[in-house]
Amino acid sequence: MNDKSTGRKRLSPKEEAIMDCIWSHGPMFVREIVDRLPEPRPHFNTVSTFVRGLEAKGWLGHEKIGNSYRYYSLVDAAEYRDRLLLGMVERFFNRSYIGFVSSLVREEKISTDELRELIGTIESQRKAGGGKDRKEE
């Protein structure tokens with residue numbers, strides 16, 4: 001699935017695991033990525049192939065240090081998370097965030113206290129001028 005705003009494809013689970021390592025720990029050499037992946041760890045060459053693919057797709061950049069490359073993220077983790085959420089809401093909830101939250105309530109994935117906290121956060125952001133009322137958009 002392509003992200004229309006950037007042209008990047010959605011990450012596969014293995015690509016996402018590599019990006020999670022870099023998002024969590026900052027720039028890394030391939031060996032460091034391999035060491036941080038869960039067991040059973042993939043072979044160094046496999047991870048190296050994925051990393052080069054992520055670089056070709058615009059997810060990673062690199063800097064040469066000695067005879068090795070240290071890879072760093074070109075995409076912020078929060079940006080990726082937000083795009084995934086937006087895509088899910090558009091695809092499965094007909095662009096309705098109310099439908100999305102209602103589904104969480106219906107499946108008991110979010111409590112009443114958490115909803116109150118969310119409403120409080122939204123109201124605080126609006127008072128601080130950091131958020132728009134969706135009806136105003």
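Being three residues apart in helix α6 (residues 112–127), D113 and R116 are separated by about one helical turn, where helices are DSSP runs of H or I of at least four residues, numbered from the N terminus. The side chains of D113 and R116 meet in a salt bridge with an N to O distance of 3.2 Å, a salt bridge being a side-chain nitrogen of Lys or Arg within 4 Å of a carboxyl oxygen of Asp or Glu. D113 is exposed, at a relative accessible area of 56%, and R116 likewise counts as exposed at 54%; exposed means over 50% relative accessible area, buried under 20% and partly exposed in between, with a 1.4 Å probe and protein chains only.

The model is predicted, and local features need pLDDT of at least 70, side-chain atom pairs count only at pLDDT 80 or more, and totals for chains, interfaces and linings use all residues. Residues are numbered from 1 along each chain as its sequence is written, while side-chain values use heavy atoms, with hydrogens and water left out.

| Salt bridge | N to O distance |
|---|---|
| R83 and E79 | 3.0 Å |
| D82 and R81 | 3.1 Å |
| D113 and R116 | 3.2 Å |

R83 and E79 both belong to helix α4 (residues 77–92), in which they stand four residues apart, about one turn of the helix. Within this pair, R83 counts as buried at 17% relative accessibility, whereas E79 counts as partly exposed at 34%. D82, which is paired with R81, is partly exposed, with a relative accessible area of 41%.

Turning to helix packing, the axes of helix α1 (residues 13–25) and helix α3 (residues 44–56) come within 10 Å and cross at roughly 85°, the axes being lines fitted to C-alpha atoms over the stretch in contact and the angles running from 0 to 180 degrees between N-to-C directions. α1 is therefore roughly perpendicular to α3, a term that covers angles of 65 to 115 degrees. K14, E15, I18 and M19 in α1 meet V47, F50, V51 and L54 in α3, contact meaning heavy atoms within 4.5 Å. The residues of this contact of α1 with α3 divide into six nonpolar, no polar and two charged.

Helix α5 (residues 97–106) has a side-chain oxygen of S96 at its start, reaching to within 3.4 Å of the backbone nitrogen of I98. Following α5 is E108, whose phi is positive, near 55°.

How values were computed
Helix = DSSP H or I, 4+ residues; strand = E, 2+ residues; numbered from the N terminus. Parallel < 35°, antiparallel > 145°, perpendicular 65-115°, else oblique. Nonpolar A, V, L, I, M, F, W, Y, C, P; charged D, E, K, R; others polar. Polar contact = N/O pair within 3.5 Å; in protein donor to acceptor, adjacent residues only side chain to side chain.
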